[in-house]
Amino acid sequence: MTVPIGHANEVVVGVDGSESARRAVRWAAGEAGRRGASLRIVHAELPLPADALDMTGMARSALHDEAMGWVREAVVDALDTAPALDITYRVEVNTPAWMLEQESATAGLVVVGSRGLGGFTGLLLGSVAVALSCRAMCPVAVVRGDEAEGPVVVGVNGAPHNWVVLDRAFEEAEVRGTSLVAVHAWHPPLGNEKLAESVGIVWSELHTVRDATVAQRLEACADRHPGVRVERHVVHGSAAHRLVEFAAGASLLVIGSHGTGGLRGKLLGSTSQAVVRHAPCPVLLVRPGLDEQIDRTRRAG
């Protein structure tokens, strides 16, 4: 498994007792088993309200017992999926996003579900997965949609570091033994082909240029993964909308995650947010240039 600088070959998954989290555990276990990685199960016990009186510690103890029950359940699910897994766990009173962000400093991959009970995956990604996706120091997988054995789909754009996303997508297709569907979406100028031609803009020529650029970007990664069959699609429309369309029946959708504010960014790009919320399959968010950012931060420290 490709991992950022200084990270271990370990998959971390957040659990909270929800069915979505159990699906995330099974998916994470499959990933770990496929790549010979270890699995780490993490749960953040929510703090008691400030006005809650727990003089005997019974409330805290009950919450901890519940958490350990969820962890044991997750271990069983994981071993049912990949019996030879090396599994560790971490349970403590903490906030879910912060705890998983801490884990991402040494993990190769962090996995979360798309819905939950108010813990790791509560508020439909709003409080955890979206925040984690733009702050984590390793790729983040959001497990959603139906199980499928279809191709890996990847978004291709003009960003300088998009090759990092593409290379990861090739790797994901290679390890799954499936094909790669590369999608580049763009909005033709003026929105009307005849109107554009009236002022000397030929859509077909622009399309040809974009198609050649996408092909060139893919060729650079294809040389490293010669066994992966690639389908290239240059299409009109919203990138998020078209990626979600192409992801129907896919085993994984890989996109770049562009959080603002460097390693401590708090905002995920609009395309990434829309894809994560509506994709019909698991989504892998890869932060282009993350290795370089981490390396610079460590040197500065």
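Helix H3 (residues 96-104) is mostly covered in this predicted model, with seven of its nine residues buried; here buried stands for under 20% relative accessible area, exposed for over 50%, and partly exposed for what lies in between (1.4 Å probe, protein chains only). The buried residues of H3 are Pro96, Ala97, Met99, Leu100, Glu101, Glu103 and Ser104. Helices (H or I, at least four residues) and strands (E, at least two) are DSSP runs, numbered from the N terminus. Because the model is predicted, local features need pLDDT of at least 70 and side-chain atom pairs count only at pLDDT 80 or more, while totals for chains, interfaces and linings use all residues. Residues are numbered from 1 along each chain as its sequence is written, and side-chain values use heavy atoms, with hydrogens and water left out.

Charged pairs come next. Side chains of opposite charge can pair when their charged atoms come close. With a salt bridge taken as a side-chain nitrogen of Lys or Arg within 4 Å of a carboxyl oxygen of Asp or Glu, the count comes to 20 salt bridges. One of them joins Arg60 to Glu45, with 2.8 Å between the closest N and O atoms. This pair links distant parts of the chain, as Arg60 sits in helix H2 (residues 58-81) and Glu45 in strand E2 (residues 38-45), 15 residues apart. Arg60 is partly exposed at 22% relative accessible area, whereas Glu45 is buried at 4%.

Glu19 and Arg26 form another salt bridge, their closest N and O atoms being 3.0 Å apart. Glu19 is partly exposed, with a relative accessible area of 45%, and Arg26 is partly exposed as well, at 31%. A further salt bridge brings together the side chains of Arg90 and Glu92 (3.0 Å, N to O). In that pair, Arg90 is buried at 15% relative accessible area, while Glu92 is partly exposed at 29%. Salt bridges that share partners also join Glu31, Arg34, Arg35, Arg168, Glu171, Glu172 and Arg176 into one network.

Val199 lies in the loop between helix H6 (193-198) and helix H7 (203-222), and Val199 is exposed, with a relative accessible area of 54%.
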